[in-house]
Amino acid sequence: MVAPERDTIAAIATPPGKGGVGIVRISGSELGPILGAILSGPPRPRYAEFRRFLDADGRAIDSGIALYFPAPRSFTGENVLELHGHGGPVVLDLLLRRALELGCRLARPGEFSERAYLNGKLDLAQAEAIADLIDSSTEEAARSAQRSLQGEFSAHIHHLQERLIHLRTHVEAAIDFSDEDIDLLDDAALGQDLAGLLDELDAIDTKAHQGALLREGLTAVIAGRPNAGKSSLLNALSGRDLAIVTEIPGTTRDILRESLQIAGLPLHIVDTAGLRDSADPIEREGIRRARETLANADCILLVIDARHPDAGDELLAGLPEAIPLIRVFNKIDLTGTPACMTIDRETTVVHLSARTGEGIDLLRQELARRAGYERGTEGVFSARRRHLDTIQRARAALTNARLYLGTKTAELLAEELHSAQKALGEITGEFTNEDLLSRIFASFCVGK
């Protein structure tokens, strides 16, 4: 773990602009001179005291509440001072400049949370949950971030690591005593243990995946032939005339995005250029961007003109196979077909009319289901894409470990178990490089 910096940092911890209350936060190992200069002496620890905030000449910059948290019982694990004054930008700037005059350094984005992590007050998953809680766009996302902040996600990871350590102990012992006439490796028992680890990892992955959807939202990309009604579908789902709708094929050239909520879940709808062979260089570029966007989708809405139901079949070969697909037969107002939805395993078919709105609610229900609405959010914790990638690496390592059972290659088995443990450790920050930490905390707001 990277050693925490020892200098004293300061930042305005409330959003820019005017407000009833504004907060300047200061953290560092040496706050004595600052307490004496700004407050004429330290306030009582962990008590709210009304004080005057003084400039270099002893005049009052402002007056308000001073909160002092001596180390190590503070958010950062260092001495922390919070000055709660009036929320005017000029007043807060004067307070911050006074702190800088007294030797503080302006805090980087997320540096208070970073110091809390480096000083062992939070693990990395909990620190990331702070930013997720601040950025929550729905009530469900806020609740899942709060669960991660309280350590639920980390507890699952630690339990899995304990099981891995126990299993590694037996394998390492078998390697150490390989010259002895003792067989410490029972393939059946090891196989059972590995199967149990994979089952637990899958359960964590399910909750983490839903947590990532709550945090980042489900991205549904609309694809199809020109004039199938893709832009009309975007307008119908968003309730606004975002895209130009005409009878001329190839009107949509660029990517159109709209964010909305369905059943309290964030949903990102992306409209793309119609997929076809085109000699127009601008349209070809739009089609290239469309295929690039499809590769990063959580779900694809393949829009098909209901008058030509087989028209979408030839497009299937060009769509990413691993991404869930919903077939949307549009323009049922022209065929007289009633709105309906059928679900056969992972294949969903929706018949609707984007022009009249008939059947749109059926599609909304299916998108909510894909985002995890039916499973509920109880017990779901906030997670990020990096967590999902890490869990996949751990699963791959455990799957490889199972291949070495019965092959008398205990060293390779042990190495795969170690790789799985190291991957999981990246989630909580036990095995994390400095570059990753910089990227994570740089995405935080200043003052947090």
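D132 and R384 form a salt bridge, with their closest N and O atoms 3.0 Å apart. Here a salt bridge is a side-chain nitrogen of Lys or Arg within 4 Å of a carboxyl oxygen of Asp or Glu. The pair links distant parts of the chain, 252 residues apart: D132 sits in helix α4 (residues 124-135), and R384 in the loop between α11 and α12 (385-403). Helices (H or I, at least four residues) and strands (E, at least two) are DSSP runs, numbered from the N terminus.

D132 has 4% relative accessibility, so it counts as buried. R384 is buried too, with a relative accessible area of 10%. Buried means under 20% relative accessible area, exposed over 50%, and partly exposed in between (1.4 Å probe, protein chains only).

## Basis of the model

This is a predicted model: local features need pLDDT of at least 70, side-chain atom pairs count only at pLDDT 80 or more, and totals for chains, interfaces and linings use all residues. Residues are numbered from 1 along each chain as its sequence is written, and side-chain values use heavy atoms, leaving out hydrogens and water.

## Other salt bridges

Side chains of opposite charge can pair when their charged atoms come close. The count comes to 25 salt bridges. In one of them, the side chains of E78 and R115 meet at 3.1 Å, N to O. E78 lies in the loop between β4 (60-69) and β5 (79-87) and R115 in helix α3 (residues 111-118), so the pair ties together parts 37 residues apart in sequence. Both residues are buried. They also belong to a network of salt bridges that links D7, E78, R105, R108, E111, E114 and R115.

D93 and R97 make a local pair within helix α2 (residues 89-101), 4 residues apart, about one turn of the helix. Their closest N and O atoms are 3.5 Å apart. D93 has 34% relative accessibility and so counts as partly exposed. R97, at 46%, also counts as partly exposed.

## S148 in helix α5

S148 belongs to helix α5 (residues 139-149). S148 is buried, with a relative accessible area of 1%. Its side chain reaches the backbone oxygen of S382 at 2.9 Å. Leaving aside residues up to four places away in sequence, S148 touches Q126, A129, F153, F381 and S382. Contact means heavy atoms within 4.5 Å.

An open sheet of 7 strands runs in the order β8-β9-β7-β10-β11-β13-β12, with mixed pairing. Two strands pair if DSSP finds at least two bridges between them. The edge strands, β8 (256-262) and β12 (340-344), each pair on one side only. The twist averages 20 degrees from one strand to the next. Angles run from 0 to 180 degrees between N-to-C directions, and axes are lines fitted to C-alpha atoms, for helices over the stretch in contact.

Strands β11 (residues 325-330) and β13 (residues 347-351) pair in the parallel sense over 4 bridges. V328 has V350 of β13 as its bridge partner. Helix α11 (residues 360-370) packs on the sheet, touching β7 (218-224), β8, β9 (265-271), β10 (299-305), β11, β12 and β13. The direction of α11 makes about 175 degrees with that of β11.

## Helix α8 against α11

Helix α8 (residues 230-238) packs with α11 at an angle of about 80 degrees, their axes 10 Å apart. That makes α8 roughly perpendicular to α11 (65 to 115 degrees counts as roughly perpendicular). L233, A236 and L237 of α8 make the contact with I360, L363 and R364 of α11.

How values were computed
Polar contact = N/O pair within 3.5 Å; in protein donor to acceptor, adjacent residues only side chain to side chain. Parallel < 35°, antiparallel > 145°, perpendicular 65-115°, else oblique.
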